[in-house]
Amino acid sequence: MKAVVFHEGSRWELAEVATPEPRPGEVLLKVLRTGVCGTDEHLLHGGFIAKLPLIPGHEIVGEVVGLGAGVEGIAVGTRVVVDNAIYCGECPSCGRGEPLFCQRFVSLGCNAPGGFAEYVAVRAGKAYLIGDLDIDVAGFAEPTA
């Protein structure tokens with residue numbers, strides 16, 4: 001698949017990369033829209049929590065095209081928005097109810113593959129149904145939240 005990839009030295013390219021496979025509990029999304037955010041510029045220059053090389057894009061709207069093992073309650077063809085923030089739920093910070101300080105914090109498009117690609121795999125529990133909401137409007141879900 002094609003994806004934008006950020007590299008060390010503030011370099012980026014449109015590259016051919018492997019299409020992700022959804023792991024257990026994940027869905028594979030065909031990306032319909034991904035917002036561009038000021039955070040993306042910081043990530044390009046290695047800031048914020050960038051883990052380079054990186055497929056950026058954390059404001060994702062997609063269509064479910066594949067299901068990992070054990071996924072229930074969401075069907076192929078469903079359109080969703082994504083909560084890009086993933087917490088472990090087990091570390092001391094999560095235990096104190098402070099998930100933004102999670103020791104294993106992952107943010108799609110920031111330190112894990114994001115939506116500036118044709119496809120992205122995400123935890124099924126982080127994909128929220130949008131029904132017939134216009135995808136251009138749905139693209140504002142993450143920054144609004």
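Before you click anything, a word on accessibility: "buried" stands for under 20% relative accessible area, "exposed" for over 50%, and "partly exposed" for what falls in between (1.4 Å probe, protein chains only).

What you have open is a predicted model, where local features need pLDDT of at least 70 and side-chain atom pairs count only at pLDDT 80 or more, while totals for chains, interfaces and linings use all residues. Residues are numbered from 1 along each chain as its sequence is written, and side-chain values use heavy atoms, with hydrogens and water left out.

The tour is about salt bridges (a side-chain nitrogen of Lys or Arg within 4 Å of a carboxyl oxygen of Asp or Glu). The structure has 6 of them; here are some stops.

**Stop one.** Select Asp136 and Arg33, a salt bridge with its closest N and O atoms 2.7 Å apart. Asp136 sits in helix H3 (residues 135-138) and Arg33 in strand S3 (residues 26-35), so distant parts of the chain, 103 residues apart, are linked here. Helices (H or I, at least four residues) and strands (E, at least two) are DSSP runs, numbered from the N terminus. Asp136 is partly exposed at 43%, and Arg33 is partly exposed at 37%.

**Stop two.** Now pick Glu90 and Arg104, whose closest N and O atoms are 3.8 Å apart in another salt bridge. Glu90 is in the loop between strand S6 (85-86) and helix H2 (92-95), Arg104 in the loop between H2 and strand S7 (106-107), so the pair ties together parts 14 residues apart in sequence. Glu90 is exposed at 67%; Arg104 is partly exposed at 45%.

**Stop three.** Finish on Glu98 and Arg96, a salt bridge at 3.0 Å between the closest N and O atoms. Arg96 counts as exposed because its relative accessibility is 54%, whereas Glu98, at 32%, counts as partly exposed.
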